[in-house]
Every structure is written in structure tokens, then in C-alpha cells.
Amino acid sequence: MQQIDDPRVLIGPGDDAGVCLVGEEAIVESVDVITPVVDDPYTFGAISAANSMSDIYAMGGIPMSALAILGFSSCDYEPWVIKDILKGAVDKLREAGAFLVGGHSIEDSELKFGLSVMGRINKDRILRKGGAGPGDRLILTKPLGIGILTTALKGGAMKEEGIKEAVTWMLTLNLKASEAALRSQAHAVTDITGFGFLGHAMNMLYDSPVNFVINYKTVPVLSGVRAMIDSGMVPEGAYNNLNFLKDNVRFAEDLSEEDCLILSDPQTSGGLLIALAENEIANFEQVSKKNGLSYWIIGEVVKGEGKIIVR
Ligand code: CO
């Protein structure tokens, strides 16, 4: 899409969310809709809400209000299922200090649920996708493998009990990660969702004269992921992402195809990927300790030509 040439639009299509001026204040907006990743309707609603708010946090915004978007077949689902999905979303929004103020449902052969979220944002402190510079450290705030585990659940290779850890991460708001990024003057931030770690890392690199060097051994991976890859529980999206990126990513020779698939696995409600000046790491650590954020330093930024090097 073309960029919008109007001073009221601070950020148009292309970043994690759009930012517009309303008078002197700025608002940030995004929308995301997903199909169920777990069997329990309440948990699905809560995960979908956390996932939809993620783009707002990735920009440094604070969610304020949301509209629900629901697609379902009225013959297939009893009313309590829909009620529970909405209740999960309302509760997750409340945790974030936001409100569900309306929504719309449509008849759909496959269940889908998501939110359009509006938030407030400081127009002078917007976290963009681009802007990582040589010498920056790369920080990831949730482990990878969520797509593989939810595929295993759908495929019957795992029980809901087995993906508990993944569910906990999907339910975790990116609020604390956003706070830590803002308070340590992060140079660039995005959230890891459907294009996988590599796809979103590549979006941060687009057209910039730097490379990301990822130290694979430091990348956090959920337990059970490797066993599920061996059982063939890999979402098609992981292969598509990998195929799409292959010209721009250089993998170390000792990395297996499994390792590459973990890096391209589509995430639901994944973590933030943050580029931070090295001398801000201590500050980031301090904020994280205080607000209880988990994070992993997984690589660095060097001069380059927009490539990712995994070693
Ligand atoms: Co995003």
C-alpha cells in the first residue's frame, strides 16, 4: 500500500500498527483475527485478545478500547461457546486496562475470533520496526515453537496439558516487554507472529544497511518442540516462511532443518524482538527485574545489506 501524505497520519501501513493524530494526541490502531489454537473457548478468547493487543505494545502504545470480530457457524456452536470466547477476551482486555466496547459477528464455516484495538501512544516515543544500528543487541521476550505445539494439539499428537507452557506464554501480554523497550530507548521493536522469528526479523531489516547475526544456541525454544517436529507436527506456514526467506538468511552448516523450522515457525501471541544499544542492556535488565519480564539476548546487529546470519 502507498504511504499516506497527510500530516495527521504519523505512521501508515507497513509497521505493526498505524498511528494517527487526534488533535494534539496520537492514537495507535491494529487488528488481528485468528482461528482456535486451543480447545477451551475462554482460553482461546483470552489468547486472541493478547495476540491482538501485541501490535499496540510493539509500537509502544497502551491499549484503550477494542471491537470484537467473530466468524462462526451458528449451527455448529452453542451460545455458551461464544459467550466464553468473549468472556476470555474481556478479561484479558481488563488485565491490560482496556475495554471491549462493541463488535460484529458474521456467519463463517470456520470459527475465527479477534479484536480491532485502539490505544494511546506518545507521539514522540513510537517504537518502529526499522532503525536497528550496528552494535545493537537483539533481545527476544518469549520462546519459539508455539505454532508447532498448537499444530501438535490440533493433530492429536499432544493433549492440552502438554502445551500448558505454550498457553501461558500466549496469554502473557507484551506490556512488560514494551515498557522495558521504551525505558531503555530501544532503537527498533516488532512482535513475532505469523511470519515466525525470521520473517519478522527480516521486516526489521527491510532496506537497511545492517545484518542481524543470531546466535542459535541462545534462542529460547519451548520444551517438546523437537519431538513434535520429529512426529511431523510442523505447520505449513513454517515451511512457507522458510521458503520465502531463503535468499536472505544464511544458516550455519551445522544447523539442521528442524532448527531452521523452529526459527520460521508461525507464532500466535509471540514475544517482542527488540534492538537495543549495548550500553542500554544494564538498564533493560534493571527494568525487567523490576517488572518481572523474561528475556533472552539472542544476537547482535552488524553493518551489512539486510541479511540474517544464523550461526
Ligand atoms: Co506485529
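Donors, in what follows, are N, O and S atoms within 2.8 Å of the metal (3.2 Å for Na, K and Ca), and since water is not among the atoms, sites may look incomplete. With that in hand, start at the cobalt ion: its protein donors are Asp16 (OD), Asp55 (OD) and Asp191 (OD), which lie 2.0 to 2.2 Å from it. Along the chain, these donors follow the spacing D-x38-D-x135-D. Asp16 lies in the loop between β1 (9-11) and β2 (18-22) and Asp191 in strand β8, so this pair ties together parts that are 175 residues apart in sequence.

A word on what you are looking at: this is a predicted model, where local features need pLDDT of at least 70 and side-chain atom pairs count only at pLDDT 80 or more, while totals for chains, interfaces and linings use all residues. Residues are numbered from 1 along each chain as its sequence is written, and side-chain values use heavy atoms, with hydrogens and water left out. Helices (H or I, at least four residues) and strands (E, at least two) are DSSP runs, numbered from the N terminus.

Asp16 has a relative accessible area of 12%, so it is buried. Asp191 is at 1% relative accessibility and counts as buried too.

Two strands count as paired if DSSP finds at least two bridges between them. Take strand β7 (residues 137-140) and strand β11 (residues 272-276): they pair in the antiparallel sense over four bridges. One place to look is Ile139, whose bridge partner in β11 is Ile274.

Most residues other than glycine have a negative phi, and most peptide bonds are trans. Gln185 has a phi near 50 degrees, a positive value in a residue other than glycine. You'll find Gln185 in the loop between α5 (175-183) and β8, where it is partly exposed at a relative accessible area of 43%. Ser269 also has a positive phi, near 50 degrees, and lies in the loop between α9 and β11. Ser269, though, counts as buried, at 1% relative accessibility.

While we're at α5, Ser178 is found in that helix, and is buried with a relative accessible area of 3%. The C-alpha atoms of Ser178 and Ala98 are separated by 16 Å, and the two residues are 80 apart along the chain.

Now for the charges. Side chains of opposite charge can pair when their charged atoms come close. A salt bridge here is a side-chain nitrogen of Lys or Arg within 4 Å of a carboxyl oxygen of Asp or Glu, and the structure holds eleven of them. One joins Asp259 and Arg226 (2.9 Å, N to O). That pair links distant parts of the chain, with Asp259 in helix α9 (residues 257-264) and Arg226 in helix α7 (residues 225-230), 33 residues apart. Asp259 is buried at a relative accessible area of 7%, whereas Arg226 is partly exposed at 37%. Elsewhere, salt bridges that share partners join Lys87, Asp91 and Arg94 into one network. Arg94 is exposed, with a relative accessible area of 57%.

Another salt bridge brings together the side chains of Asp6 and Arg8 (2.8 Å, N to O). Asp6 counts as partly exposed, at 22% relative accessibility, and Arg8 counts as exposed, at 54%.

Note on methods. Buried means under 20% relative accessible area, exposed over 50%, partly exposed in between (1.4 Å probe, protein chains only).
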